[in-house]
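Subject: Structure handover

Hello,

My notes on it follow below.

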Amino acid sequence: AESIDTALRSLEAVAPKKNPAAPRSPGAPTRHQGQFLAFIREYMMRNQAGVAPTHAALQKFFNLTAPSVNSMLIRIERRGFIRRIPGKARAIELTVNPDWIPPLDRPFRF
């Protein structure tokens, strides 16, 4: 037990400290907005056409209703993190500072 405790202390000494309550940069997306942006970026990078995800894909991944997905897209658009073209399907362009997009919390599959 003593050697395990020593090993844990040495790992803690070299591991980067995680501070979940760390303040975010002013103007940066909230945690949930960041996950939406991360999903959109990953989705666009992974598919050959480079198109944005459908509302249905966002609903499925985040387990949300259609109105909730639409509301989030409206919020992140108003904050200037994305740009959408009205009347055109999958017309989402990321306009957010790439440093503000966190890694996706969990992987997804097409």
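Alanine 91 is buried, at a relative accessible area of 13%. Buried means under 20% relative accessible area, exposed means over 50%, and partly exposed is in between (1.4 Å probe, protein chains only). Before going on, note that this is a predicted model: local features need pLDDT of at least 70, side-chain atom pairs count only at pLDDT 80 or more, and totals for chains, interfaces and linings use all residues. Residues are numbered from 1 along each chain as its sequence is written, and side-chain values use heavy atoms, with hydrogens and water left out.

Alanine 91 sits in the loop between β1 (82–84) and β2 (92–94). Helices (H or I, at least four residues) and strands (E, at least two) are DSSP runs, numbered from the N terminus. Leaving aside neighbours within four places in sequence, alanine 91 contacts Arg83, Arg84 and Ile85. Contact means heavy atoms within 4.5 Å. Threonine 54 is 37 residues away from alanine 91 in sequence, and the C-alpha atoms of the two are 9.5 Å apart.

**The chain overall**

The chain has 4 helices and 2 strands. From the N terminus, the order is α-α-α-α-β-β. Of the 110 residues in the chain, 26% are buried. Take the contacts with a separation of 6 or more: 59% of them join residues 24 or more positions apart.

Start with α2 (31–46) and α3 (55–62). Their axes come within 11 Å and cross at roughly 125 degrees. Axes here are lines fitted to C-alpha atoms, for helices over the stretch in contact, and angles run from 0 to 180 degrees between N-to-C directions. That angle makes α2 oblique to α3. Under 35 degrees counts as roughly parallel, over 145 as roughly antiparallel, 65 to 115 as roughly perpendicular, and the rest as oblique. On the α2 side, the contact is made by Gln35, Phe36, Phe39, Ile40 and Tyr43; on the α3 side, by Ala57, Leu58, Phe61 and Phe62. By class, the residues of this α2–α3 contact are 8 nonpolar, 1 polar and no charged. Ala, Val, Leu, Ile, Met, Phe, Trp, Tyr, Cys and Pro count as nonpolar, Asp, Glu, Lys and Arg as charged, and the others, Gly among them, as polar.

Next, α2 and α4 (residues 66–78). The axes of α2 and α4 come within 11 Å and cross at roughly 95 degrees. So α2 is roughly perpendicular to α4. From α2, His32, Gln33, Phe36, Leu37 and Ile40 make the contact; from α4, Val69, Met72, Leu73, Arg75 and Ile76 do. The residues of the α2–α4 contact split into 7 nonpolar, 2 polar and 1 charged.

**Asparagine 47**

Asparagine 47 is in the loop between α2 and α3. It is buried, with a relative accessible area of 15%. Its side chain reaches the backbone oxygen of tyrosine 43 at 2.9 Å.

**Tryptophan 100**

Tryptophan 100 is in the segment after β2. It is partly exposed, with a relative accessible area of 29%. Not counting residues up to four places away in sequence, tryptophan 100 touches Ser25, Pro26, Gly27, Ala28, Pro29 and Phe81. Leucine 37 is 63 residues from tryptophan 100 along the chain, and their C-alpha atoms are separated by 9.2 Å.

Best wishes

How values were computed
Polar contact = N/O pair within 3.5 Å; in protein donor to acceptor, adjacent residues only side chain to side chain.
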